[in-house]
Amino acid sequence: MLAFYALKVPFLLTLRSALLACHPDNRRIDPNAVWLGLIPVFSYFWHFRVIHAVADTFRAEYRDRNLDDDGPWGERLGWRAQIFLPLVAVPAGNGGSACRN
């Protein structure tokens with residue numbers, strides 16, 4: 001569980017910093033709302049909302065700055081990572097016993 005937080009906190013700090021760098025009118029989620037990602041179990045579902053909101057925030061920010069705003073903004077990668085994470089975490093979380101005879 002400690003490893004989960006050791007990896008999750010820097011990730012959430014990065015998301016929060018990225019959101020703070022965007023104009024408040026372009027934000028689709030409050031930067032401090034990313035900390036809800038520290039709540040076990042809830043965080044798995046909450047992260048889907050965060051992925052979509054961050055992508056929309058970046059899209060709006062780029063549009064506001066008159067920059068090229070086409071692109072998935074990491075949304076596809078975020079969804080894939082979130083969907084496939086349990087497939088990796090479950091065997092690793094029980095010491096790999098799912099892979100032993």
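Biologist: How many aromatic pairs does the structure hold?
Modeller: This predicted model holds 4 aromatic pairs.

Biologist: What makes the pair of Tyr44 and Phe45 edge-to-face?
Modeller: The ring centres of Tyr44 and Phe45 are 5.3 Å apart, and a pair requires centres within 6.5 Å. The planes of Tyr44 and Phe45 stand at 85°; an angle over 60 degrees counts as edge-to-face, and the pair is therefore given that name.

Biologist: Why is Phe45 called exposed?
Modeller: Phe45 has a relative accessibility of 55%, and exposed means over 50%; Phe45 therefore counts as exposed. Tyr44, at 24%, is partly exposed, because that class lies between 20% and 50%.

Biologist: Why is the pair of Phe48 and Trp79 called tilted?
Modeller: The planes of Phe48 and Trp79 meet at 55°. Stacked requires under 30 degrees and edge-to-face over 60, so this pair, with centres 4.9 Å apart, is tilted. Phe48 belongs to helix H2 and Trp79 to helix H3 (residues 75–93), and the pair links distant parts of the chain, 31 residues apart.

Biologist: How do you know that the span of helix H1 agrees with its 19 residues?
Modeller: At 1.5 Å a residue, H1 (residues 2–20) should span 27 Å, and its end C-alpha atoms are 27 Å apart, so the two agree. Lys8, Leu12, Leu15 and Leu19 of H1 are buried, and helix H2 (42–64) is among what covers the buried residues of H1.

How values were computed:
Residues numbered from 1 in each chain as written. Predicted model: local features only at pLDDT ≥ 70, side-chain atom pairs only at ≥ 80, totals over all residues. Heavy atoms only, no water. Helix = DSSP H or I, 4+ residues; strand = E, 2+ residues; numbered from the N terminus. Expected span 1.5 Å × (residues − 1). Buried < 20%, exposed > 50% of the residue type's maximum accessible area, 1.4 Å probe, protein only. Contact = heavy atoms within 4.5 Å. Phe/Tyr/Trp six-rings, centres within 6.5 Å; stacked < 30°, edge-to-face > 60°.
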